[in-house]
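Here is a short tour of a protein chain, from single residues up to the overall fold. Have the model open as you read.

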Amino acid sequence: MRSAYSVETVRAAERELMARLPEGALMQRAAAGLAAACAQVLGRTAGRVYGSRVVLLVGSGDNGGDALYAGARLAKRGAGVTAVLTAPEKAHPGGLAALRRAGGREASTAEAVASRLIEAADLVVDGVVGIGGHGGLREDAAPLAERAAEAGAAVIAVDLPSGVEADTGEVRGPAVRADLTVTFGTHKAALLVDPARELAGAVRLVDIGLDPWLPERPELEALQHADVARLLPRPGAESDKYRRGVVGIAAGSTRYPGAAVLAVAGALRGGAGAVRYAGPAGDAVLARHPETLVNDGGPRRAGRVQAWVVGPGAGDDADTVAQVLEVAGEADVPVLIDADGLRLADPEVVRSRTAPTLLTPHAGEAAALLGVDRAEVESARLAAARELAGRYRATVLLKGATTLVAAPPGDDGTPPVRVNPTGTPWLATAGSGDVLSGLTGSLLASGLSARDAGSVGAYLHGLAARRAAAGAPIAAQDVASAVPDVWRDIASGT
């Protein structure tokens, strides 16, 4: 599992570690890891380190020092290294001296822009702003980011791209777009959450020894294959279709029967022992999925279930949404609310539920629930997910380029927000959210918590889309069909 910590936590851990190390040792560890990454990139892009042209964009903080010391190491290997100093009087003195001794040279921002120095580089290293930066790049540094974006050189960011907010992933002004970010000690939220994540490129974590001083509970975490494999529900020798979990689907309408079909498809491929469908699209569901237990008497007459999915394609059917919440409240089972259900459900009823509730909005739906513009949610996804979880006392799966799963505070505090790393643009297709709802609902019915079900569902959903697409357009039903293959690979460790 990948974990991300706040700037305050990282700095506290660094202080503890530095108190136990010789002066400058921690920066040298970071610089060594950065230089090794730079050398590897140069080997791929320029064919060698010797004779390559490296430009360092250097600010006044420790990130600038890391860049300078790494540049010195590259200069000793024969690279031509130039440091562009955005604040010459505040540049790290030790790093600058090391670069000079190794044969590197310096240039001002104006010189770099006028001489097209950056455009001629094989590699640009971004060390302008560190993890404490706020509000985008300053006016004097913004042209450097623009030149780096226009150049054909690879761009490596030191710790995180300059101009992004480390703790939130927000981008509030000009920022550097990196091909690779080399981060130290632990991940930062900006490297996992969009819009900043998109600017970070690939991310490489360099171990500098912080782990003993980092708390057990991070701010964010991202599941990986081994984590998901441990959570996947598996039938035992005594299992039957009811013990494996029965999920109720209240979705679709005469206008949107396809939503019901796709939600049921996701549930059937998500490990449910049985799927009960209650809604007006029963004929369409049975035509595609004859194993579904269909009734037309509404949620009250659907039979016993371990979890409900309500909302996809419901249109204006507020009665069905209300009935599901009422029935689920009486049975004390988890409920996943999606799509139209988010609009139709009574917030007070949701807040008063004692069993787990999972809300699965996209950015537009989240904005409506919060009473803000969609752009505000998209620019501050982490804050939006946390706000919704607290306001509705529910777990929230905020869909998007980086899907977030935020749980409300519990008796032992607030769990880390989970970030799904498997998202793909191929999921931007009609009906994929319906598949996700059914898939995640089946995981709820199997006994997973709302947080685990949302995390595992999003993980499988993203990988299934990648497998189904393989570089070509796909439909939502293709995503559902690929889930079992992905499940099998994760469960077997392949």
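## Two loop residues

In which loop is the place of P195? P195 is in the loop between β7 (180-184) and α7 (196-200), where helices (H or I, at least four residues) and strands (E, at least two) are DSSP runs numbered from the N terminus. The peptide bond leading from D194 into P195 is cis, with omega near 10°.

Another loop, between α16 (381-392) and β16 (395-398), holds R393. R393 is not a glycine, yet its phi is positive, at about 50°.

## About the model

This is a predicted model, in which local features need pLDDT of at least 70 and side-chain atom pairs pLDDT 80 or more, while totals for chains, interfaces and linings use all residues. Residues are numbered from 1 along each chain as its sequence is written, and side-chain values use heavy atoms, leaving out hydrogens and water.

## A charge over a ring

At Y392, the charged end of R351 sits over the ring, 5.8 Å from its centre. The criterion is NZ of Lys or CZ of Arg within 6 Å of the ring centre and within 35 degrees of the ring normal.

## A helix pair

Helices α17 (residues 432-445) and α19 (residues 476-492) pack at about 35°, their axes 8 Å apart; axes are lines fitted to C-alpha atoms over the stretch in contact, with angles from 0 to 180 degrees between N-to-C directions. S432, V435, L439 and L443 of α17 meet A476, A480, V483 and W487 of α19, contact meaning heavy atoms within 4.5 Å.

## The whole chain

The protein chain has 19 helices and 18 strands. Its radius of gyration, taken over C-alpha atoms, is 26 Å, close to the 23 Å from the globule rule for 494 residues, so the chain is as compact as a globular protein of that length. That rule is 2.2 Å times the number of residues to the power 0.38.
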